[in-house]
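Visitor: Could you take me closely through one part of this model, the place where the two chains meet? I would like to follow the charged pairs there with some care.

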Amino acid sequence: MPEGLSGQPLRRREDARFLTGAGRYTADLEAPGALHLHVLRSPHAHARVLGIETGAARTMPGVRLVLTGVDLADAGLGPLPCPAVVRTIGPLVVPDRHALARDRVRHVGEPVACVVAETSAEARDAAEAIEVSYDPLPAAVDGRAALAPGAPQVWMQAPGNQAFRFERGDRAAVEAGFACAAHVVSLDLVNQRVHAAPIEPRAAIGRHDAATDSFDLLLSGQSVHNIREQLAGPVLGVPADRVRLSCPDVGGGFGLKNFLFPEHVLVLHAARLLGRPVRWVADGSEEFQAAVHARDLQGTARLALDAEGRFLALHADMAADLGAYCSAFGPGVPTNSISNAMGTVYAVPAVLLEVRGAFTNTLPVDAYRGAGKPEANYMMERLVDAAARRCGFDPVALRRRNLVTAFPHRSAFGITMDSGGFAEALDAVEALADRAGFAARRAESEARGKLRGLGLACFLETARGAPGEWAAVRFADNGLVDLALGTQSNGQGHETSFAQVAADRLGLPFESFRLVQADTALVARGNGHGGARSLHMGGTALVLAIEAVLGRARRLAAHLLQAAPDDLAFAAGRFAVAGTERGVDLPALARAARDPANLPDGMAPGLDAEADNPSDLITFPSGAHVAEVEVDLDTGEVALVRYQAVDDYGNLVNPLLTEGQVQGGLAQGIGQALMERVVYDPDSGQLLSASPMDYALPRASDVPPLPVRFISVPTASNPLGVKGAGQAGAIAAPPTVMLAVLDALAPLGVSALDMPATPERIWKAIHEASGGGARPPA
Amino acid sequence: MYDFDYHKPSSVADAVKLLSADPDARAISGGQTLLPALKHRLNRPTYLVDLSGIAELRGVKREGDKITVGAMTRHIEVQNSPEVKSAIPALAYMATVIGDIQVRNRGTMGGSVANNDPAADYPSAVLGLGATVVTDKRRIAADDYFQGMFTTALEPGELLVAIEFPIPEKAGYAKMRNPASRYVMAGVFVAKTKDGVRVVVNGAGPGVFRQTDMEQALSANWSPDAVAGIKQASEGLNSDIHGSAEYRAHLVSVMAKRAVTDAG
């Protein structure tokens with residue numbers, strides 16, 4: 001890696017904009033003449049729609065359009081597709097998901113009708129005047145319960161509510177492993193349903209140009225090309241090149257904004273019908289009931305060990321709740337994504353993953369920060385700690401005994417890990433954890449009526465997201481250089497990190513680069529933001545594009561300097577003839593390249609170049625974390641008092657941004673461990689956690705300082721040597737924190753506890769373990 | 001939010017006139033409950049009567065053995081009031097743990113007590129100290145004022161003007177917050193006054209209520225241990241996704257013990 005800006009903890013170039021309120025978000029943007037769209041949603045979890053009376057609404061002040069599912073059917077709009085490809089046993093059932101429900105609603109919040117009016121208030125007023133006649137039906141609410149006999153049926157074509165069966169692994173080898181095991185641990189685990197809850201809710205502005213029959217969708221999204229692919233042909237029935245998607249600044253996505261949503265279809269269709277821009281901004285509470293949810297995987301996980309504690313086999317039998325429909329990647333998360341990380345950092349010779357996907361009368365479930373990897377890591381770390389506790393192994397020694405230490409390592413599922421500092425991270429975190437001093441800290445906590453626990457967990461991320469990425473480097477007339485990428489920043493700081501990469505390689509000032517992203521008109525192709533992919537997928541494409549630029553520049557420089565290309569040395573932005581003072585710098589070459597008279601024969605004008613990175617390689621970020629908690633015995637409240645991460649993300653382009661990403665992910669993981677939970681009423685299917693008043697999100701006071709120590713084991717799988725850092729915190733924190741809570745409660749005999757470890761759950765666990773009366777500390 | 005008209009009177013008399021003229025008019029003080037309800041279209045007043053322009057509703061004064069807090073006095077003012085801090089430190093402390101800094105800068109004591117949210121803080125102090133609720137028409141003893149969830153003795157058009165707190169010998173407050181909303185899951189206010197001991201529970205039930213078993217125990221022996229072992233019955237307590245009635249009942253004992261510790 002070149003010396004220079006790469007590796008420097010530069011502050012974000014975006015900071016001034018974001019921190020002074022100058023960010024431009026979709027809802028902030030002017031759209032002259034725009035109408036406002038409001039969605040009327042189902043109040044029922046499951047009901048037949050007997051009729052929709054819109055007459056009164058249509059005549060209300062300011063109303064320009066009222067649409068129902070019948071209108072969309074008449075207009076020939078297709079259902080929202082599910083592009084996930086999963087090798088299931090038998091078919092994957094993908095029921096039609098229309099932008100507006102037709103004869104039946106299948107979850108609270110499902111769009112039933114929409115009103116477009118001159119003002120948002122008028123649209124809301126009119127929506128209240130729409131009368132929908134419902135015939136409520138029994139609701140299937142829980143994934144595992146939905147798969148049991150006798151559950152209410154969500155879809156006729158999915159008997160028993162089964163969306164798919166998925167199996168991966170060598171069953172015979174796993175059975176053999178369990179058969180000869182000295183120890184077997186088995187745990188029932190729930191990775192609860194959560195909501196990503198980005199601060200900026202979804203929003204969109206749709207436009208249609210009748211002259212060219214083309215669409216323009218400005219949205220708060222993460223993946224303009226993929227959303228366009230799902231929207232243009234399958235739903236609108238037009239070629240992709242007649243649909244432009246672009247995003248201004250996006251206030252957090254975390255996966256949730258990767259998907260095509262019904263509201264995107266509605267604003268475009270309404271704009272086409274009305275000939276005016278149509279805008280929609282979700283309410284905060286609309287997001288809880290009508291965006292997507294995440295995780296929601298429950299079942300049994302088992303680990304087989306020999307007498308010395310070596311892992312022999314791993315088996316997971318899980319039910320995945322997909323919600324009422326297959327969202328874009330919904331079926332892929334609990335199958336493909338989990339598979340990549342099964343066994344995590346450990347050498348497990350035999351692994352079997354069985355998953356049944358369930359339809360329920362709940363909001364669809366899809367990818368959220370980590371998507372499958374949090375689930376794989378949580379089950380593994382819970383099993384390893386339970387094995388240590390039950391079989392008498394030291395938990396760190398048991399981990400160390402089973403870590404992958406020789407690379408490349410081929411996992412039981414055939415995934416080849418090229419590199420990793422697993423043992424190094426574990427050693428480092430153990431040293432930082434000061435386990436020897438823990439007994440004293442525990443005693444000190446006990447003196448204050450608190451139970452202290454220490455949790456230590458390893459994690460493996462399998463980072464890539466969608467394979468392949470595109471980048472271009474374009475020299476503007478004003479001397480600036482545009483870096484166009486198919487990846488997308490939602491606040492991660494790409495304007496800074498990609499400029500660092502380019503500045504070092506092109507020898508141009510950091511300030512001379514502008515990032516171009518998230519616009520199908522300006523970016524040829526790409527896979528957006530998701531899966532911790534930007535730097536290794538997009539950064540590699542950028543490096544390839546830069547190499548192409550330099551190739552062109554070298555040819556032109558040789559021509560202008562009348563030297564052989566190989567005789568030129570490039571350094572600090574300048575090509576020079578070796579051993580002479582003759583040379584030419586890159587900006588001069590960019591200017592010269594515009595005039596064909598300056599060019600060698602056969603060379604097209606300009607230095608601009610683009611490149612595709614065809615790689616589908618996964619990177620393997622990893623680490624080991626330690627947490628300490630104090631549990632209030634009287635109330636069950638948990639205070640996370642200490643946290644330390646030791647992580648490997650390969651080379652770091654900007655350690656400050658990496659640290660920030662890890663810390664943000666940790667906060668979300670801490671939220672999942674201790675407080676976040678989407679709750680539907682088990683009978684009615686009503687959403688009980690419909691706003692932050694009932695859905696507990698972590699606050700600053702819930703999060704202690706989160707130091708991150710980096711160990712950098714570069715990967716050869718990409719030219720930057722980087723590994724994806726974006727999701728790791730949300731993967732590592734849930735097991736680390738939960739193991740600390742379980743360690744605190746172990747003296748009371750508590751061994752079963754699911755996330756989130758809320759005060760009431762902990763009180764109940766203590767209460768039940770002590771046979772009815774809360775016990776003082778042991 | 002639906003459209004509504006807006007009035008900002010500068011006297012109690014004018015405010016009462018406005019509120020009496022229309023049963024669908026609503027008074028707004030700090031707006032910490034009403035504004036979210038309006039935003040969610042859960043409330044549709046014809047007009048709002050903004051009390052913030054009425055100087056006589058604001059402020060804290062000490063007269064003899066009582067502290068009078070004007071209805072429009074904001075939580076932050078209670079928290080910082082030298083009179084409250086010296087006479088009833090438990091009340092000043094309570095103000096410091098209401099909501100967050102934004103809420104404390106907007107919310108008012110009168111708004112909280114008039115609304116009588118079961119998860120509010122102030123009602124427990126009002127009942128626990130045997131305070132008097134002063135309206136434009138009359139004086140209402142706290143024992144008669146609170147009538148269950150969001151229900152009080154206030155009549156339509158009647159305006160809460162001030163609350164008079166007798167200064168106790170000692171008082172204390174402890175609560176556990178709801179993990180999501182940070183409203184009260186279960187709280188206990190204890191006070192020892194010349195009229196006896198009071199133990200009032202908030203957050204756990206549909207409204208504030210006195211815990212008489214604990215009152216008797218503390219009358220006999222004012223110490224945290226005296227209440228720690230007294231169990232609150234769970235029947236009738238609130239139950240939701242954050243805490244069952246049984247859990248809240250358990251918390252009542254814990255918070256009572258902490259409140260007595262706080263009182264000293």
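**The interface of chain A and chain B**

Guide: In this predicted model, about 1900 Å² of area is buried between chain B and chain A, and carbon and sulfur atoms give 50% of that area. The contact involves 21 residues of chain B and 24 residues of chain A. Between the two chains there are 14 residue pairs in polar contact, with both residues at pLDDT 80 or more. On the side of chain B that touches chain A, helix H12, residues 245–263, gives the largest share, with seven residues. That side of chain B is made up of ten nonpolar, seven polar and four charged residues.

Turning to the charged pairs, five salt bridges are found across the interface of chain B and chain A. One of them joins Asp632(A) to Arg258(B), with a distance of 2.8 Å from N to O; this pair runs from strand S26 of chain A, residues 622–632, to helix H12 of chain B. Asp632(A) has a relative accessibility of 7% and so counts as buried, the limit being under 20%. Arg258(B), by contrast, has a relative accessible area of 29% and is partly exposed.

Key:
Residues numbered from 1 in each chain as written. Chains lettered and ligands numbered in written order. Predicted model: local features only at pLDDT ≥ 70, side-chain atom pairs only at ≥ 80, totals over all residues. Heavy atoms only, no water. Contact = heavy atoms within 4.5 Å. Buried area = accessible area lost by both parts, 1.4 Å probe. Salt bridge = Lys/Arg side-chain N within 4 Å of Asp/Glu carboxyl O. Polar contact = N/O pair within 3.5 Å; in protein donor to acceptor, adjacent residues only side chain to side chain. Helix = DSSP H or I, 4+ residues; strand = E, 2+ residues; numbered from the N terminus. Nonpolar A, V, L, I, M, F, W, Y, C, P; charged D, E, K, R; others polar. Buried < 20%, exposed > 50% of the residue type's maximum accessible area, 1.4 Å probe, protein only.
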